[in-house]
Amino acid sequence: MKDLIKPSKLNKGDMVATVSLSWGGAGDKDLLWRYEQGKKRLEEVFGLHVIEMPHTLMGTEYLYEHPEKRAEDFMQAFANPEIKGIISCIGGEDTIRLLPYIDFDVIRDNPKVFIGYSDTTVNHYMCYKAGLSSFYGGALLVDFAENVEMSEYTVEWIKRVLFSKDIIGTVPQSDEWTSEFIPWEMANKDRRRIFQKNNGYQLLQGKGKVQGHLIGGCMSVLEFIKGTELFPTLDDFNDSILFLETSEDTPAPEFVRWWLRNYGAMGIFDRIRGIVFGKPYHEKYMDDYKLEIVKVLKEYDTCHLPVLYNMSFGHCEPKCCMPYGALAEMDCDNLTFSILESGCN
């Protein structure tokens, strides 16, 4: 796996920019309150100075019709030396349309914190191609704008990963989880989501400890970049830990089977050190996915490959932050996962 540039850590008072790189709902009239709530949390909880890029709040219809403007915001946010971090507002399903407008030199020459998840996986691989480590983690409209208050777990991991030069260390599962969706109209803003008690990491196979550099993302979005210049080379998977999760679309188990078979056919399972999977949305297909994972790994004679399941990242909240390229460790005997270096410089 290639070495990635770590961005400088964030500090209180830093300017950060919000970007709408896929769905443009942050600027829609009925949802603007929620954008403002997420922005307020960035300012009050983390002490940041938040600005919007020129098209962040232009709304769903305009941003769908103008992928070049979304890309322009992304490039300008990197190019502006006063901006120290970039926060994705939300995912979606068409970030891949930004690819023709991306200048990878701009990202490479201006490393800074970039965070998001889901369809933002595409943007992470834009950063990866440019040689920058970015962070698979919270989005403004979801995690930062959580009804009533942010989860303590999310706040802790944002601070530990993005605001520190220290080694990240052991990443425990969150004590509780939710994927309940409360419609984002203003009338619902004071209703807390219902959280459920978490039930621990699960070991699907493997033993002992393995270490590898983190690479991965949302499984369905990774399909969008296969065959493009963004998809990692086979060598990029060498000695890595692959982190994968499924989206709120709750893909049927056979899709997970087919996607994993494709990784097997490419020879990726022979190159990686282990796999970690995020908790499925609503815990739907919780057991079915496990059966598919073990089945496909058996098909490719990789029953030895360590697999941890039910982790706190991806489309269930709250979530930790996964820094691309960071060295991580899976301990199969003690059911722990650790990140052995800092996320930032």
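Reply: The discussion below concerns a predicted model and turns to one helix, then to the backbone.

Me: What span does helix 10 reach from its first C-alpha to its last?

Reply: Helix 10, residues 286–299, reaches 21 Å over its 14 residues, close to the expected 20 Å.

Me: Which residues of helix 10 are buried, and why are they on the same side?

Reply: In general, an α-helix has 3.6 residues a turn, so residues three or four places apart point the same way. In helix 10, the buried residues are Met286, Tyr289, Lys290, Glu292, Ile293, Val296 and Leu297. They cover an arc of only 165 degrees around the axis, which puts them on the same side of the helix. The face turned away from that buried side carries the exposed residues Leu291 and Lys298.

Me: What covers the buried residues of helix 10?

Reply: The cover includes strand 9 (202–205), helix 9 (253–266), strand 12 (274–278) and strand 13 (307–311).

Me: How should I read the backbone angles?

Reply: Most residues other than glycine have a negative phi, and most peptide bonds are trans. Histidine 282, in the loop between strand 12 and helix 10, has a phi near 60 degrees and is partly exposed at 45% relative accessibility.

Me: Which peptide bond is cis, and where does proline 318 lie?

Reply: The bond from glutamate 317 to proline 318 is cis, with omega near -5 degrees. Proline 318 belongs to the loop between strand 13 and strand 14 (322–323).

Definitions and conventions: Residues numbered from 1 in each chain as written. Predicted model: local features only at pLDDT ≥ 70, side-chain atom pairs only at ≥ 80, totals over all residues. Heavy atoms only, no water. Helix = DSSP H or I, 4+ residues; strand = E, 2+ residues; numbered from the N terminus. Expected span 1.5 Å × (residues − 1). Buried < 20%, exposed > 50% of the residue type's maximum accessible area, 1.4 Å probe, protein only. Arc of directions from axis to C-beta. Contact = heavy atoms within 4.5 Å.
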